Amino acid sequence: MSRTPPPGSGPFRVFPTQATRQRLPAEAAACGHCLGGTCCQSEDAIYLTAFDVLRLATYFDLSPAEFLRRFTQDRFAEGALEPYRRATLDDPESSVVTYLRRRANRSFSPCIFLKYVRDADGTPRRICGVHPARPLSCREYYHDTCKTRVTGELAALQAHAFERVRDGALTREHAEAERARLGRQLSGDAPMSALLEYSVWTEVWRALRADEANEEGAGGYALADYQDPIDVKLDRMLSKQRLRLEERYGWEPHGDQLQPYRAGLSFVGTEDHRRLLRIAEAPPTHGLFADGDYPFFAANRLVVAGMRPPKRFPLLGEAGTKRLLRDVSGEPLFPRHRDARVRALTQRELWRAALAAADALVAFASYVATLGRVLEQAPPGTFEWELLWFLRRLEVARHPVLALHPGLGAVGDWAREVLKPDGRLRVHLRAAPPPPRVTPRALVRLIDTQAPDGSWWRNPARSVMPDSQEEYLRRWLHTTAAGLLALRPPSRT
């Protein structure tokens with residue numbers, strides 16, 4: 001079989017919805033139209049408050065004790081975050097009572113309630129099987145977490161892939177071949193791109209086996225071994241002072257927390273009701289949820305081959321770079337240096353590297369400007385400040401790329417407009433220092449370690465994967481901006 005194009009191929013999409021549904025009345029509407037259902041398979045346990053337990057128990061027509069026994073657990077097999085989870089359960093100031101059970105005994109495997117369906121046009125979707133009774137943490141997830149985490153990046157990639165499944169471009173045979181190919185990479189220190197592609201191909205594989213996935217049992221381990229005694233859980237539930245995650249969202253419920261419950265007992269006796277009760281007890285038979293989950297906390301869909309950046313600011317691209325390099329000398333820069341690699345460095349090579357780095361910075365700014373807030377906790381304007389700071393340093397250094405790349409000026413204009421209300425702008429930028437001097441060997445090292453898109457640290461290996469989207473994006477920006485500052489080519493003669 002020939003190499004299948006990556007599942008994320010295609011134009012950049014802001015929301016993980018169908019390509020024809022990218023203009024939404026409000027960002028919150030994206031949650032109801034999401035194809036990926038990726039928050040149902042997020043990076044950590046889904047916590048439940050006492051209010052969640054009561055609502056879900058009502059939906060299933062079970063006593064709270066029986067619901068806790070069948071559908072919750074307090075520990076997971078991977079164990080790394082257990083001290084944090086334990087402290088959250090035991091903290092009297094926390095409203096968290098327990099955690100929702102997953103399809104496998106890992107906090108980042110799919111939620112036990114996740115369901116695979118097809119839209120009317122045949123597009124696969126993953127939806128919440130208990131949507132009217134879903135936990136409060138799920139109701140709020142898109143608004144303050146999905147877009148700023150790996151979840152949103154994966155969901156957008158899955159939206160691309162699911163539409164290609166609808167169009168017949170991806171088959172189960174494709175998915176199995178790609179999972180096998182990428183699985184061999186995952187046995188070593190896999191890069192972020194391999195982790196992302198493997199996760200998306202796994203979701204394609206599951207979506208193409210939807211009937212089996214929806215019936216796959218979750219009872220592959222002794223659930224009681226990962227639960228506190230039910231009496232202890234009930235006591236904890238009825239002793240919590242807070243019911244609705246007030247410690248996070250405030251004492252007065254708001255937004256989706258105020259959505260009324262109108263399902264009554266309508267779920268009871270339905271096929272989905274029987275199915276969920278059945279899979280809670282049945283052992284797995286197909287191995288569909290044994291791997292391919294998301295044990296990483298940061299991502300950037302642009303590392304996936306074929307994924308194009310958004311068109312917010314102008315890029316040079318290959319054609320523009322070739323045009324600018326026509327008049328650049330191919331003469332060596334350091335013809336008498338003792339290092340052969342340094343002697344081979346030409347003006348054209350240095351210019352190409354600098355233009356590629358500028359393109360990478362402009363593409364990054366387009367990503368930030370198109371998505372809006374993409375950090376988890378940093379205040380609005382964080383990236384705009386940092387981009388302006390680096391542009392100011394380029395001005396101080398009189399870097400020749402500034403006058404040649406049209407996107408850099410556009411990025412500066414956008415960032416200043418965003419930050420206009422901030423009175424510190426002029427004073428802060430005036431203090432920008434000149435860049436440090438760079439040795440010829442350091443220049444060569446920069447060029448030799450530059451990624452094809454012109455950036456550095458764009459596609460980190462699993463061993464150095466950061467703990468948050470914020471840390472990853474900051475490091476990406478800082479390394480690429482520092483690289484461009486260091487790559488200061490001579491005049492084009």
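Tyr 116 has Arg 126 of strand S5 as its bridge partner. This is a predicted model, where local features need pLDDT of at least 70, side-chain atom pairs count only at pLDDT 80 or more, and totals for chains, interfaces and linings use all residues. Residues are numbered from 1 along each chain as its sequence is written, and side-chain values use heavy atoms, leaving out hydrogens and water.

Strands here are DSSP E runs of at least two residues and helices are H or I runs of at least four, numbered from the N terminus. Strands pair if DSSP finds at least two bridges between them.

| Strand | Residues |
|---|---|
| S4 | 114-118 |
| S5 | 124-128 |

S4 and S5 run antiparallel, paired over five bridges.

Lys 115 sits in S4. Is Lys 115 buried or exposed? With 19% relative accessibility, Lys 115 counts as buried (under 20% relative accessible area; exposed is over 50%, partly exposed in between, with a 1.4 Å probe and protein chains only). Its side chain makes a polar contact with the side chain of Asp 272 at 2.7 Å (N or O atoms within 3.5 Å, one able to donate a hydrogen and the other to accept it; residues adjacent in sequence count only if both atoms are side-chain atoms). Beyond neighbours within four places in sequence, Lys 115 has contacts (heavy atoms within 4.5 Å) that include Ile 127, Asn 214 and Arg 275.

Over to the helices: H2 (residues 50-60) packs on H3 (residues 64-71) at about 90°, axes 9 Å apart.

Note on methods:
Axes fitted to C-alpha atoms, helices over the stretch in contact; angles between N-to-C directions.
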